[in-house]
Amino acid sequence: GLVIAILVFMTFFISHLAVDMVKSKCEDTTRSFVGDQAAHMIIIILVWHLLFHPGLSSLQRYFSEPTLICISVVLLSYTIMFQPAGIFISKMTKGWRDKINEDDKNKGKSLESAGKYIGYLERFLILTFIISQQYTAIGFLIAAKSIFRYNTNRITGEYILFGTLLSFSIAVFVGVFVNLFLSLFLPDTVW
């Protein structure tokens, strides 16, 4: 058990370093970020597949409990909602954010990193609502956010709208995937 755990850890550690070293040599674009994240996901899937390979019967018995697998998928989905989704949205909106910051140099200030944490919270809530199948709560979240962002100029409003819709889209996509996964792998009595 301990040897396998060390091998899994070392596989993730070395592969993470290798992927990030390759990425550091690339231009910092949305495409390189998506490629970086895809490489990390492929490695996770490959290691997961190796752990469940029939030749590793002792590990397979330990990890094959459907509930454990589903818990792992849910935890991974919440992890995706924070940094990977936030970085992706930041890269997609960078040009507009720079323009807004340039135009608003001497105007009203904003709380430092408030948008980032608002995005984390909204994606967390949307994912939670989708997993718990409380879809109407998402409508209340959209309404609440639109009220607070009403008094902005057109450019800032469009920037906020795009970021919000992208954030919501990511959370909905991941939530639907998790629900589909859970419906396929959890027994009907649990799900």
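Mentor: What follows sets some of the labels against their definitions.

Mentor: This is a predicted model, in which local features need pLDDT of at least 70 and side-chain atom pairs count only at pLDDT 80 or more, while totals for chains, interfaces and linings use all residues. Residues are numbered from 1 along each chain as its sequence is written, and side-chain values use heavy atoms, with hydrogens and water left out.

Trainee: Why is Leu 17 called partly exposed?

Mentor: Buried means under 20% relative accessible area, exposed means over 50%, and partly exposed lies in between (1.4 Å probe, protein chains only); Leu 17, with a relative accessible area of 41%, is therefore partly exposed. Leu 17 lies in helix H1 (residues 2-24).

Trainee: Why does Gln 133 count as partly exposed?

Mentor: The relative accessibility of Gln 133 is 43%, so Gln 133 counts as partly exposed. Gln 133 is found in the loop between H6 and H7, and has a positive phi of about 55° although it is not a glycine.

Trainee: How do you know that the reach of H6 is close to the expected one?

Mentor: The expected span is 1.5 Å times one less than the number of residues; helix H6 (residues 114-131) has 18 residues, and its 26 Å from first C-alpha to last is close to the 26 Å expected. The buried residues of H6 include Ile 126 and Ile 131.

Trainee: What makes a set of residues a nonpolar core?

Mentor: A nonpolar core is a set of buried Ala, Val, Leu, Ile, Met, Phe, Trp, Tyr and Cys residues joined through side-chain atoms within 4.5 Å. The largest here has 24 residues, and among those with the most contacts inside it are Ile 126, Ile 131 and Ile 170. H8 gives the most to this core, with eight residues.

Trainee: Which residues does Ile 170 contact, leaving aside its neighbours within four places in sequence?

Mentor: With contact meaning heavy atoms within 4.5 Å, Ile 170 is in contact with Met 81, Ala 85, Phe 88 and Ile 89.

Conventions. Helix = DSSP H or I, 4+ residues; strand = E, 2+ residues; numbered from the N terminus.
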